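I wrote down what I looked up, entry by entry.

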Amino acid sequence: MSHAHSTTDRGPAPAALRRPQRSAAPKRIGIHALLIACALFPALPIVWMASTSFKPNGQVFDWPPKLITSAMNFDSYAAIFADGGKLRFFLNSYVVAGSVTVLTLLVSVLAAYALSRYEFPFKRALNVLIISVQAVPPITLLIPYFGLVVTLGLYDTYGGLILTYMVFTLPYAIIMMTGYFNTLPRELDEAVMVDGAGPLTVLFRILLPISVPGLVSVGVYTFMIAWNEYLFALTLTRTNEMRTVPIGIQLLMGQHSYDWSQIMAMSILGSIPILVLFTFFQRYFLSGMSAGAVKA
Amino acid sequence: MTTSTAVDPSRGSLPERPHGRNRHSVHGSPLRPYAFLTPTLLVMLVLMVVPIVMVIWYSFQDSAVTIPSTEFVGLEKYRQVLSDGTFWTATANTALFAGISVIAHFIIGIGFATLLNSELLSPLVRAIFRTVFILPWLFTVAVVAVLWRMLLNPNGIVNYLVTTFGITDSGVEWLANSSTALPIIIFINIWCGYPFFMVSLLAGLQGIPKDLYEAARVDGAGIIHQFFHVTIPQLRPIILSMAILDFIWTTQQFALIWMTTGGGPVDSTEMLSTYTYKLAFSTYDFSAASASAVVVLLLSMILAVLYVRQQRARD
């Protein structure tokens with residue numbers, strides 16, 4: 001902030017363009033130092049989580065705390081991999097989040113095609129409905145869902161969770177996919193339609209192949225929502241055979257003497273799918289996400 | 001490709017008109033869009049309309065869900081909830097929790113976004129730090145909750161730091177103390193929520209035309225002046241949308257509170273979500289829980305109207 005003067009004193013605009021090359025060295029160092037300092041805020045707790053997951057449980061609350069100790073090992077991870085009950089949480093989360101993603105993509109692509117390519121009565125009302133659905137509080141839906149899921153015989157099943165999660169993933173997916181289709185020129189589908197192709201052909205043969213970035217960002221977002229969901233997973237399942245990772249982590253917390261090392265290992269393992277998806281697809285995901293939030 | 005250039009070589013407004021009419025006949029029956037929307041409408045009906053009708057219906061009952069022959073009691077359950085002091089504590093806590101979180105999310109989000117947007121950073125450095133700054137947001141709330149429970153443990157690293165730096169004499173039971181629990185929960189929510197703002201504001205910053213800054217600089221505006229007179233006005237629509245959205249989501253937060261304090265100690269972190277949940281699944285008063293849930297729904301709908309208006313205004 002105190003460098004403000006050097007910027008304004010530089011004079012006319014053309015000279016300002018060269019600025020980074022010339023007098024920027026101290027500024028450059030300053031801004032990198034500031035970045036590192038700021039990065040401690042998000043990074044320190046995460047680094048501590050990773051470090052704890054490798055410590056023997058007896059060393060977790062050593063005083064003074066040490067980031068790295070001589071006794072660090074993979075025991076907590078090994079214990080989780082050796083425990084079928086805990087692996088089951090992961091399997092459940094993969095099944096639920098994977099199914100929700102596939103179904104959401106399918107349903108939202110069909111809806112987005114209609115919203116992007118057709119004019120029809122109540123279209124505007126439907127748009128408003130889809131946007132406002134995002135504001136319906138999960139806690140409001142929880143009580144009737146509980147009744148509904150029990151009545152339909154879906155209590156403590158994958159089906160109950162998968163169906164439930166779609167109501168939270170669909171609105172955003174539709175908004176994003178519609179936005180994405182709107183950026184694709186209509187001449188594209190009309191050219192094929194003139195040749196006699198039906199709308200389904202246009203959608204699946206023409207639009208979808210060039211919509212991969214949009215599909216990826218919707219898919220990653222949906223998977224993330226489903227993977228992370230807690231409230232409905234807690235309420236609509238009962239047995240450990242159906243519990244997902246967030247509940248599994250909580251169940252580990254429930255025991256009397258906390259095995260912090262294993263809780264942190266479980267947390268790391270439970271975060272890996274999201275971290276991997278994000279790392280590989282962040283380019284698509286970030287642009288899709290901000291476009292969705294900004295232009296919904 | 002060849003067809004499209006043949007149809008519309010001039011990019012003028014004239015070819016657009018037959019174009020639009022043409023589309024209708026090519027796409028066939030006027031019912032077709034509804035066919036595409038059928039799965040969506042079905043999901044919305046079964047999972048949105050029906051449940052909302054159900055929860056309203058429950059809220060007028062005496063003992064919904066638990067007793068099959070439940071009686072209609074009108075607004076009795078609303079009276080019960082609205083005259084419960086804990087409900088109002090929960091409302092105040094929720095407002096405070098969401099209000100402070102959103103403001104802090106915005107301040108940290110725009111700060112980090114501005115920093116990352118600096119032209120002094122190489123693309124690689126920018127990508128690395130952007131990822132680091134986003135990290136807290138990628139972790140499940142359940143993970144965030146247990147992580148902070150460990151850090152805030154009486155023997156944990158936070159207490160080590162505050163005693164070492166002399167901020168307090170002895171360790172604090174952060175989450176078990178009714179005067180620190182709410183501020184701490186707000187802090188945790190700030191920690192994991194700002195990246196949502198940061199990401200969108202970063203995209204927004206990159207969309208601001210450079211010449212606006214050049215012009216401001218030529219007029220002698222300093223960095224702070226540019227920030228308040230170019231950056232903020234340019235980002236205002238994004239900021240407003242994000243703030244409303246973030247406020248809606250934060251008022252609905254459940255997992256973080258449930259897994260850290262469960263609403264305690266002594267209601268000090270009770271939120272509308274935990275209050276409603278307890279009515280249903282701890283005291284099994286599903287009717288009162290439904291009444292509370294309907295009140296929460298009404299409050300959220302007010303926010304939703306604001307959000308939709310804001311989105312419309314920007315079109």
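**Terms and set-up.** I call a residue buried under 20% relative accessible area, exposed over 50%, and partly exposed in between (1.4 Å probe, protein chains only). This is a predicted model, in which local features need pLDDT of at least 70 and side-chain atom pairs count only at pLDDT 80 or more, while totals for chains, interfaces and linings use all residues. Residues are numbered from 1 along each chain as its sequence is written, chains are lettered from A and ligands numbered from 1 in the order in which they are written, and side-chain values use heavy atoms, with hydrogens and water left out.

**B:Asp285.** I started with B:Asp285, which counts as buried at 18% relative accessibility. I found B:Asp285 in the loop between α13 (272–281) and α14 (286–314) of chain B; helices (H or I, at least four residues) and strands (E, at least two) are DSSP runs, numbered from the N terminus. I then listed its contacts (heavy atoms within 4.5 Å). Leaving aside neighbours within four places in sequence, B:Asp285 is in contact with B:Lys77, B:Gln80, B:Leu279 and B:Ala280.

**B:Ser63.** I looked next at B:Ser63, in the loop between α3 (32–59) and α4 (76–82) of chain B. B:Ser63 is also buried, at a relative accessible area of 16%. With neighbours within four places in sequence left aside, B:Ser63 is in contact with B:Thr70 and B:Ser287. I also took the C-alpha separation between B:Ser63 and B:Trp174, which is 38 Å for two residues 111 places apart along the chain.

**Chain A overall.** I counted 14 helices and zero strands in chain A. Of its 296 residues, 54% count as buried. Among contacts in chain A with a separation of 6 or more, 73% come from residues 24 or more positions apart.

**A:Ser108.** I picked A:Ser108 in helix α5 of chain A. How buried is A:Ser108? Its relative accessible area is 0%. Not counting residues up to four places away in sequence, A:Ser108 touches A:Leu170, A:Ala173, A:Ile174 and A:Met177. The side chain of A:Ser108 reaches the backbone oxygen of A:Leu105 at 3.2 Å.

**α5(A) with α13(A).** I describe two packed helices by the angle between their axes and the distance between the axes. Axes are lines fitted to C-alpha atoms, for helices over the stretch in contact, and angles run from 0 to 180 degrees between N-to-C directions. The axes of α5 (residues 84–117) and α13 (residues 245–254) of chain A come within 8 Å and cross at roughly 155°. That makes α5(A) roughly antiparallel to α13(A); angles under 35 degrees count as roughly parallel, over 145 as roughly antiparallel, 65 to 115 as roughly perpendicular and the rest as oblique. On the α5(A) side I noted A:Lys86, A:Phe89, A:Phe90 and A:Ser93, which meet A:Val245, A:Pro246, A:Gly248, A:Leu251 and A:Leu252 in α13(A). I sorted these residues into six nonpolar, two polar and one charged. Ala, Val, Leu, Ile, Met, Phe, Trp, Tyr, Cys and Pro count as nonpolar, Asp, Glu, Lys and Arg as charged, and the others, Gly among them, as polar.

**α7(B) and its partner in chain A.** Nine of the eleven residues of α7 (residues 141–151) of chain B are buried, so α7(B) is largely enclosed by the rest of the structure. Helix α3 (residues 25–53) of chain A packs with α7(B) at an angle of about 80°, with the axes 10 Å apart. The two helices are therefore roughly perpendicular. A:Pro45, A:Trp48, A:Met49 and A:Thr52 of α3(A) make the contact with B:Val143, B:Leu147, B:Trp148, B:Met150 and B:Leu151 of α7(B). By class I have eight nonpolar, one polar and no charged residues there.

I found a cis peptide bond from A:Trp63 to A:Pro64, with omega near 0°. Another cis bond joins B:Gly264 and B:Pro265, with omega about -10°. Next in my list is B:Val266, with a positive phi near 45° although the residue is not glycine. B:Val266 is exposed, at 74% relative accessible area. A:Phe122, also not a glycine, has a positive phi of about 70° and is exposed at 65%.

Notes: A polar contact is a pair of N or O atoms within 3.5 Å; within protein, one must be able to donate a hydrogen and the other to accept it, and residues adjacent in sequence count only if both atoms are side-chain atoms.
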